[in-house]
Amino acid sequence: MTTDEQRIRTLVESWAEAVHAGDLPGVLRDHAGDLVMFDVPPPQEGVRGIDAYSATWPPFFEWQRGASFEILELEVTAGNDVAFAWALLRCGTPQDPPGDRLRLTLGLRKEEGRWLVTHEHHSFPHTD
C-alpha cells in the first residue's frame with residue numbers, strides 16, 4: 001500500500017468515526033468546498049457545495065442514534081493527484097436486516113499535498 005493510499009484510508013476511517021459520533025466538523029474536515037454528494041434520500045440530483053453537504057447531516061445524526069455505522073470493507077486506489085475509494089458499511093438500526101450494506105464511493109483530489117473528498121455517493125442495493 002502506498003503512503004497516499006494509507007492517508008486516504010485513514011481519512012475515510014476518520015470520517016466514518018465522525019459520522020458515527022455525530023461530529024459535524026469531523027465529517028466536513030476533509031471535504032472540498034465544491035464537492036458533490038449523491039445520497040440515499042432525495043434530492044436525486046444530489047447536493048453541491050460544502051454548505052449543502054453540511055445541511056444533510058443533522059437529520060442523519062438524529063436518525064442514527066442507536067444505529068450502527070462501521071466500515072466492513074474499504075479499497076483505495078490513488079494516483080498522483082486524484083484517487084477513488086469504495087467501501088461497504090454496516091449502517092442501520094437493530095430492526096434493519098443484518099445483511100444490509102451501505103455502499104460508499106468517493107472521488108478525491110490532492111490540493112497542496114492534502115487529500116480532499118470531491119465526490120461522495122451513498123446507496124443501498126435495490127431489494128424489490
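Modeller: The account below goes from the sheet to the helices, then to the core and its rings, and ends with the charged pairs and one loop.

This is a predicted model, in which local features need pLDDT of at least 70 and side-chain atom pairs count only at pLDDT 80 or more, while totals for chains, interfaces and linings use all residues. Residues are numbered from 1 along each chain as its sequence is written, and side-chain values use heavy atoms, with hydrogens and water left out.

Start with the sheet. Helices (H or I, at least four residues) and strands (E, at least two) are DSSP runs, numbered from the N terminus. Two strands pair if DSSP finds at least two bridges between them. Six strands make an open sheet with mixed pairing, in the order 2-1-6-5-4-3. Strand 2 (47-48) and strand 3 (68-78) are at the edges with a single partner strand each, so one side of each has no neighbour in the sheet. Strand 4 (residues 82-92) and strand 5 (residues 102-111) are antiparallel partners, joined over eight bridges. Within that pairing, alanine 83 is opposite leucine 108 of strand 5.

Two helices pack on this sheet. Helix 1 (residues 3-21) touches strand 1 (31-38), strand 3, strand 4, strand 5 and strand 6 (114-123), where contact means heavy atoms within 4.5 Å. The direction of helix 1 makes about 160 degrees with that of strand 3; axes are lines fitted to C-alpha atoms, for helices over the stretch in contact, and angles run from 0 to 180 degrees between N-to-C directions. Helix 3 (residues 50-63) touches strand 1, strand 2, strand 3, strand 4 and strand 6, and its direction makes about 60 degrees with that of strand 1.

Now the core. A nonpolar core is a set of buried Ala, Val, Leu, Ile, Met, Phe, Trp, Tyr and Cys residues joined through side-chain atoms within 4.5 Å. Buried means under 20% relative accessible area, exposed over 50%, and partly exposed in between (1.4 Å probe, protein chains only). The largest nonpolar core has 29 residues, and Trp15, Val27, Trp57, Phe69 and Leu108 have the most contacts inside it. At least two residues each come from helix 1, strand 1, helix 3, strand 3, strand 4, strand 5 and strand 6. Helix 1 gives the most, with seven residues. In soluble globular proteins, nonpolar side chains tend to be buried together.

Tryptophan 15 is buried, at 5% relative accessibility. Apart from neighbours within four places in sequence, tryptophan 15 is in contact with Val27, His31, Tyr53, Trp57, Phe69, Leu104, Glu120 and His122.

Next come the rings. Rings of Phe, Tyr and Trp (its six-membered ring) pair if their centres lie within 6.5 Å; planes under 30 degrees apart count as stacked, over 60 as edge-to-face and the rest as tilted. The count by this rule is seven aromatic pairs. One of them is the edge-to-face pair of tryptophan 15 and tryptophan 57, with 6.1 Å centre to centre and 80 degrees between the planes. This pair links distant parts of the chain, from helix 1 to helix 3, 42 residues apart. Tryptophan 57 is buried, at 4% relative accessibility. Phenylalanine 60 and tryptophan 63 form a tilted pair, at 5.4 Å centre to centre and 40 degrees between the planes. Both residues lie in helix 3, three residues apart, about one turn of the helix. Tryptophan 63 is partly exposed, with a relative accessible area of 39%. Ring pairs join Trp15, Tyr53, Trp57, Phe60, Phe61, Trp63 and Phe69 into a cluster.

Charged pairs complete the surroundings. A salt bridge is a side-chain nitrogen of Lys or Arg within 4 Å of a carboxyl oxygen of Asp or Glu, and the count is eight. In one of them, aspartate 30 meets arginine 114, with the closest N and O atoms 3.2 Å apart. Aspartate 30 is in the loop between helix 2 (24-28) and strand 1, and arginine 114 is in strand 6, so the pair ties together parts 84 residues apart in sequence. Aspartate 30 is buried at 17% relative accessible area, whereas arginine 114 is partly exposed at 40%.

Finally, valine 40 lies in the loop between strand 1 and strand 2. Its C-alpha is 7.2 Å from that of phenylalanine 124, 84 residues away in sequence.
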